[in-house]
Amino acid sequence: MEAKAIVNKEELGHTVKDGYRWKVIIPMIFVMYLLAYIDRTNISFALTEMQKTFAITSTVSGFIAGIFFCGYILLMAPMGHLASRKSARKIVVILGVLTGIFSSIQGMVNSVGMLVFVRFLLGLVEGGIYPAMGVLIANWFPIRLFLNNLRLTRFNCLLF
């Protein structure tokens with residue numbers, strides 16, 4: 001009796017797109033998530049010097065750090081909906097560029113009010129990146145691929 005391969009690449013529907021997924025899409029998503037994380041946390045390092053420069057109290061510095069998430073939450077759901085209806089790729093690019101612009105402007109503010117406004121705008125822009133990336137992941141990694149990988153993982157766990 002001849003042993004048959006458990007899963008054949010042709011059976012799974014693997015194409016050239018699969019190599020592109022793992023070599024281009026995943027690193028791009030990782031870099032975008034990493035930059036977004038750094039962008040969210042960089043204010044905590046800058047606020048220590050800003051407290052001296054602008055004479056900011058700890059209450060105001062907490063407000064400056066928190067206003068980002070007000071904008072973030074405000075546009076998260078609408079941008080996810082827009083990304084699912086329109087081109088998620090274009091939305092990610094536009095939001096990535098705007099995030100870079102607002103992050104740069106953050107370093108050039110000269111008043112507390114301006115910093116609060118820029119942090120709010122940065123939260124608005126960055127709030128749409130995660131849902132748009134989720135749409136991209138859903139488009140590039142279809143559920144059948146996930147289920148096939150899950151099936152293989154369960155089978156391998158049974159063997160070892």
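Reply: A salt bridge is a side-chain nitrogen of Lys or Arg within 4 Å of a carboxyl oxygen of Asp or Glu. This is a predicted model, in which local features need pLDDT of at least 70 and side-chain atom pairs count only at pLDDT 80 or more, while totals for chains, interfaces and linings use all residues. Residues are numbered from 1 along each chain as its sequence is written, and side-chain values use heavy atoms, with hydrogens and water left out.

Me: How many salt bridges does a search of the whole structure find, and which side chains meet in a salt bridge?

Reply: The search of the whole structure finds one, in which the side chains of Glu 49 and Lys 52 meet at 3.6 Å, N to O. The two are three residues apart in helix 2, and therefore separated by about one helical turn; helices here are DSSP runs (H or I, at least four residues), numbered from the N terminus.

Me: Are Glu 49 and Lys 52 buried or exposed?

Reply: Buried means under 20% relative accessible area, exposed over 50%, and partly exposed in between (1.4 Å probe, protein chains only). Glu 49, at 48%, counts as partly exposed, whereas Lys 52, at 65%, is exposed.

Me: What is the phi of Ala 55, and where is its place?

Reply: Most residues other than glycine have a negative phi. Ala 55, although not a glycine, has a positive phi of about 55 degrees; Ala 55 lies in the loop between helix 2 (16–54) and helix 3 (58–85), and is exposed, with a relative accessible area of 64%.
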